[in-house]
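Please open the structure in your viewer and keep the sequence beside it, so that each selection below can be followed in turn.

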Amino acid sequence: MEFLLILLIVIVGFGIYRYFKQRKILKTLSEEEFRQGYRKAQLIDVREPKEFDGGHILGARNIPLSQMRNRLTELRKDQPIYMYCQNGTRTARAAILLNKKGYNELYQLQGGFKKWNGKIRKSKSSQY
């Protein structure tokens, strides 16, 4: 019983640590703030290809979180990275990975793609 309590404390503590670390390294922008800056940055959709094909922000590149570690060479460290996923969970995980690899200017769209009201593009081959 004591072991389970200690384990629970460790898990909760780790969750709190990650939450504050993510807030420190990843700035969340409103749609308006995101819209003002993403054209001068690297715009990355971290969702899976099927989700991306179903609709994405105009000008975004698809680098899924599941492939991020292997595709870091596609991202420049000297330019801001504006990211989004469906609701914000995957961008937080991507930001932690990118920050560990030396990327510092990391931004995410508040509420993710599902809250985006701007122009989108759907891939012609989409069956999503």
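Two strands are said to pair if DSSP finds at least two bridges between them, while the strands (E, at least two residues) and helices (H or I, at least four residues) are themselves DSSP runs, numbered from the N terminus. This is a predicted model, in which local features need pLDDT of at least 70 and side-chain atom pairs count only at pLDDT 80 or more, whereas totals for chains, interfaces and linings use all residues. Residues are numbered from 1 along each chain as its sequence is written, and side-chain values use heavy atoms, with hydrogens and water left out.

Select strand 5 (residues 81–84) together with strand 2 (residues 42–45): the two run parallel and are joined by 4 bridges, and Leu 43 is placed opposite Tyr 82. Between strand 5 and strand 6 the chain passes through helix 5 (residues 89–100), a right-handed β-α-β crossover; with the strands pointing away from the viewer, right-handed means that the path from the first strand over the helix to the second runs clockwise.

Show the side chains of strand 5 next: Ile 81 and Met 83 point one way, Tyr 82 and Tyr 84 the other, and all are buried (under 20% relative accessible area, with a 1.4 Å probe and protein chains only).

Finally, move to His 56 in strand 3 (residues 56–57), which counts as buried because its relative accessibility is 6%. A polar atom of the His 56 side chain lies 2.9 Å from the backbone oxygen of Phe 52.

How values were computed
Buried means under 20% relative accessible area, exposed over 50%, partly exposed in between (1.4 Å probe, protein chains only). A polar contact is a pair of N or O atoms within 3.5 Å; within protein, one must be able to donate a hydrogen and the other to accept it, and residues adjacent in sequence count only if both atoms are side-chain atoms.
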